[in-house]
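Subject: Structure handover

Hello,

Here is the structure you are taking over. Please open it and keep it in view while you read the notes below.

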Amino acid sequence: MDSVRQGLRAKDIEKDTYERLNCARCDERLKTKNDPDEVFSIRFCPACNRRWKQL
Ligand SMILES: [Zn+2]
């Protein structure tokens, strides 16, 4: 899984003027999911279900 930073660099994720993360493909605000088994949280797009890890 790519990190949020990689997603931003690849233009898969865009930051809006309020520093919120949006899926570049769907223009949807990314949602956050915390997985208790992982040290990172997951940012995902509710429309296309692509996921990125937030370190
Ligand atoms: Zn999407």
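Is Asn 49 buried or exposed? Asn 49 is exposed, because its relative accessible area is 54%; buried here means under 20% relative accessible area, exposed means over 50%, and partly exposed is in between, with a 1.4 Å probe and protein chains only. I come back to this residue below.

Some ground rules come before the rest. This is a predicted model, in which local features need pLDDT of at least 70 and side-chain atom pairs count only at pLDDT 80 or more, while totals for chains, interfaces and linings use all residues. Residues are numbered from 1 along each chain as its sequence is written, and side-chain values use heavy atoms, with hydrogens and water left out.

The chain as a whole

The protein chain has 1 helix and 5 strands, and from the N terminus on their order is α-β-β-β-β-β. Helices (H or I, at least four residues) and strands (E, at least two) are DSSP runs, numbered from the N terminus.

The radius of gyration of the protein chain is 10 Å, which agrees with the value near 10 Å for a compact globule of 55 residues. That radius is taken over C-alpha atoms, and the globule rule is 2.2 Å times the number of residues to the power 0.38. Along its principal axes, the C-alpha trace spans about 30 × 20 × 20 Å.

Of the 55 residues in the protein chain, 27% are buried. The chain exposes about 4,100 Å², and carbon and sulfur atoms supply 41% of that area. Accessible areas come from the Shrake-Rupley method with a 1.4 Å probe, and for residues only the protein chains shown count as cover.

Contact means heavy atoms within 4.5 Å. Among the contacts in the protein chain with a separation of 6 or more, 24% are between residues 24 or more positions apart.

The protein chain carries 13 positive and 10 negative charges, and their mean positions are 2 Å apart. Lys and Arg count as positive and Asp and Glu as negative, with His and the chain ends not counted. The place of a charge is NZ of Lys, CZ of Arg, CG of Asp or CD of Glu.

The start of the chain

Ser 3 lies in the segment before helix H1 (4-9). Ser 3 counts as buried because its relative accessibility is 10%. Leaving aside neighbours within four places in sequence, Ser 3 is in contact with Trp 52, Lys 53 and Leu 55.

Gln 6 is in helix H1 and is partly exposed, with a relative accessible area of 37%. Gln 6 and Tyr 18 are 12 residues apart along the chain, and their C-alpha atoms are separated by 20 Å.

The loops

Glu 19 sits in the loop between strand S1 (13-15) and S2. At 55% relative accessibility, Glu 19 counts as exposed. The phi angle of Glu 19 is near 70 degrees, a positive value in a residue other than glycine.

The loop between S2 and S3 holds Ala 24, which is partly exposed at 28% relative accessible area. Not counting residues up to four places away in sequence, Ala 24 touches Lys 11, Asp 12, Ile 13 and Glu 14. Ala 24 and Lys 11 are 13 residues apart along the chain, with 6.7 Å between their C-alpha atoms.

Arg 29 also lies in the loop between strand S2 (21-23) and strand S3 (31-34). Arg 29 is partly exposed, with a relative accessible area of 42%. Not counting residues up to four places away in sequence, Arg 29 touches Arg 20, Leu 21, Asn 22 and Pro 46. The C-alpha atoms of Arg 29 and Phe 44 are separated by 8.7 Å, and the two are 15 residues apart along the chain.

Asn 49 is found in the loop between strand S4 (41-44) and strand S5 (51-54). Its phi is near 65 degrees, again a positive value in a residue other than glycine. From Asn 49 to Asp 37 is 12 residues in sequence and 20 Å in space, C-alpha to C-alpha.

The cysteines

How many disulfides does a search of the whole structure find? The search finds 0, where a disulfide is a pair of cysteine sulfur atoms within 2.5 Å. Cys 26 counts as partly exposed at 27% relative accessibility, and Cys 48 is partly exposed at 26% relative accessible area.

Regards
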